[in-house]
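Reader: I am new to protein structures and would like to learn how to read one step by step. Could you take me through an example?

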Amino acid sequence: GQRRPPPGDLASLSELDEASLLGGLRERFLRQQVYTDIGDILVAMNPFQPLPLYGREVSPRGPAPAGPRCPPHPFHHPFSPPAGLRAVPA
């Protein structure tokens with residue numbers, strides 16, 4: 001049968017080890033899917049070419065709620081600072 005493409009969130013793989021992580025990232029990169037979620041982490045890979053990721057069809061909408069049908073993208077990731085990190089007054 002035909003192989004399924006890796007999911008947008010690699011944390012949903014049944015087995016997550018170094019080989020499956022790198023293999024999933026490689027397959028997504030070859031499909032020009034340069035953003036990949038791994039749980040709460042967004043991985044961005046440099047495609048070394050222009051891709052239609054920030055055109056008018058994406059940016060005017062602003063941040064969109066993330067969900068299972070929403071592909072990984074910086075506009076869909078809420079900023080969540082690491083635990084213990086706090087703002088320093090200016």
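**Reading a predicted chain**

Author: Let us begin with contacts along the sequence, keeping in mind that this is a predicted model. Among the contacts in the protein chain with a separation of 6 or more, 35% are made by residues 24 or more positions apart.

Reader: Which helices and strands does the protein chain have, and in what pattern do they follow one another?

Author: One reads such elements along the sequence. The protein chain has one helix and two strands, and they follow the pattern α-β-β.

Reader: How many of the residues in the protein chain are buried?

Author: A residue counts as buried when its relative accessible area is under 20%. Of the 90 residues in the protein chain, 19% are buried, while the accessible surface comes to about 7,300 Å², of which 58% belongs to carbon and sulfur atoms.

Reader: What span should H1 have, and what span does the model give?

Author: The idea is to compare an expected length with the distance between the ends. H1 has 13 residues and, at 1.5 Å a residue, should span 18 Å, which agrees with its end C-alpha atoms being 18 Å apart.

Reader: Which residues of H1 are buried, and where do they lie around the axis?

Author: The buried residues of H1 are Gly-24, Leu-25 and Arg-28. Because these residues cover an arc of only 95 degrees around the axis, they lie on the same side of H1. The buried residues of H1 pack against S1 and S2, whereas Glu-18, Ala-19, Arg-26 and Leu-30 are exposed on the other side of H1.

Reader: Which residues make the nonpolar surface patch?

Author: To read a patch, one looks at its members and then at how exposed they are. Phe-29, Leu-30 and Phe-48 make a nonpolar surface patch of about 360 Å². Leu-30 belongs to helix H1, which covers residues 18–30, and Leu-30 is exposed because its relative accessible area is 55%, over the cut-off of 50%. Phe-48 lies in the segment after strand S2 (41–44), and with a relative accessible area of 72% Phe-48 is exposed.

Reader: Which residues have a positive phi although they are not glycines?

Author: Here one reads the backbone angle together with the place in the chain. Phe-48 has a positive phi of about 55 degrees although it is not a glycine. Gln-32, also not a glycine, has a positive phi of about 60 degrees; Gln-32 lies in the loop between H1 and strand S1 (35–38), and at 42% relative accessibility Gln-32 counts as partly exposed.

Methods
Residues numbered from 1 in each chain as written. Predicted model: local features only at pLDDT ≥ 70, side-chain atom pairs only at ≥ 80, totals over all residues. Heavy atoms only, no water. Patch = residues over 30% accessible without salt bridge, like charges linked within 9 Å, V, L, I, M, F, W, Y side chains within 5 Å. Areas by Shrake-Rupley, 256 points an atom, 1.4 Å probe, with all protein chains shown as cover. Salt bridge = Lys/Arg side-chain N within 4 Å of Asp/Glu carboxyl O. Helix = DSSP H or I, 4+ residues; strand = E, 2+ residues; numbered from the N terminus. Buried < 20%, exposed > 50% of the residue type's maximum accessible area, 1.4 Å probe, protein only. Contact = heavy atoms within 4.5 Å. Expected span 1.5 Å × (residues − 1). Arc of directions from axis to C-beta.
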